[in-house]
Amino acid sequence: SRYLFARIFNMDKDSEFSFELLDSIYTSELVDTYGNLVRRAGVLAQKKCAGKVYRRSVDSRVGEVVVKIGEYLDAMRNYEVSSALQAVMDIARFANQYLNETKPWEKSDPSRDLYNVLELIRFSTNLLAPFTPRASRIVAERLGFNIENPLKLKLESVERYTVVEAPILFRKLRANTQ
């Protein structure tokens, strides 16, 4: 996958390479961090909000985290693609942490929490789009937002997320048992 090679290879130094490293990055970042986040948020939005999550004011911590877009853009300008992707995963990791802290599954109206998480997913998906174009397109279509230029991303610009499906984007690889 484009993501894995961009994540491993650096322009300024030698890169380590092994299939175990590829598998580790694929599993920890794409499956467990980003893919799991999209699935969890989608399922919660469907169950708790009938798939419709309307704009709410964004938590200040979310605003502080999306500043990572600056790190992403700086890294991309400097051809430090691996660092750019690490900044995206920082956003996704925070979104998972935010879900765990706010526990929207325990609330009768978790709209604000889910809007915050969907905003984090929208940002991370837009930043991942050059590296995971198929998965990013699926997430945008199923959660109800557009892929756009990262320079134009703004918080609270989506009036309503319409979640039609909570996709499973990446599946864990099975170990070869021979």
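This is a predicted model: local features need pLDDT of at least 70, side-chain atom pairs count only at pLDDT 80 or more; totals for chains, interfaces and linings use all residues.
Helix α4, spanning residues 68–77, packs against helix α5, residues 81–102, at an angle of about 165 degrees, and their axes lie 7 Å apart. Because angles over 145 degrees count as roughly antiparallel, α4 and α5 are therefore roughly antiparallel to each other. Their crossing is left-handed. On the α4 side, the contact is made by Lys-68, Glu-71, Tyr-72, Ala-75 and Met-76, while α5 contributes Val-81, Ser-83, Ala-84, Ala-87, Val-88, Asp-90 and Ile-91. Sorted by class, the contact of α4 with α5 comprises eight nonpolar residues, one polar residue and three charged ones.

Turning to the rings, the structure holds three aromatic pairs. One of them joins Phe-94 and Tyr-98 in a tilted arrangement, with 6.0 Å from centre to centre and 40 degrees between the planes. Both residues belong to helix α5, where Phe-94 and Tyr-98 sit four residues apart, about one turn of the helix. Phe-94 is buried, with a relative accessible area of 12%, and Tyr-98 is likewise buried, at 1%.

Phe-145 and Tyr-161 form an edge-to-face aromatic pair, 6.2 Å centre to centre and with 80 degrees between the planes. This pair links distant parts of the chain: Phe-145 lies in the loop between α7 (133–143) and β2 (160–162), whereas Tyr-161 is in strand β2, 16 residues apart from Phe-145. Phe-145 and Tyr-161 are both buried. Ring pairs also bring in Tyr-115, linking Tyr-115, Phe-145 and Tyr-161 into a cluster.

Definitions and conventions: Residues are numbered from 1 along each chain as its sequence is written. Side-chain values use heavy atoms; hydrogens and water are left out. Axes are lines fitted to C-alpha atoms, for helices over the stretch in contact, and angles run from 0 to 180 degrees between N-to-C directions. Helices (H or I, at least four residues) and strands (E, at least two) are DSSP runs, numbered from the N terminus. Angles under 35 degrees count as roughly parallel, over 145 as roughly antiparallel, 65 to 115 as roughly perpendicular and the rest as oblique. A crossing is left-handed if the near helix is turned anticlockwise from the far one by less than a right angle, and right-handed if clockwise. Contact means heavy atoms within 4.5 Å. Ala, Val, Leu, Ile, Met, Phe, Trp, Tyr, Cys and Pro count as nonpolar, Asp, Glu, Lys and Arg as charged, and the others, Gly among them, as polar. Rings of Phe, Tyr and Trp (its six-membered ring) pair if their centres lie within 6.5 Å; planes under 30 degrees apart count as stacked, over 60 as edge-to-face and the rest as tilted. Buried means under 20% relative accessible area, exposed over 50%, partly exposed in between (1.4 Å probe, protein chains only).
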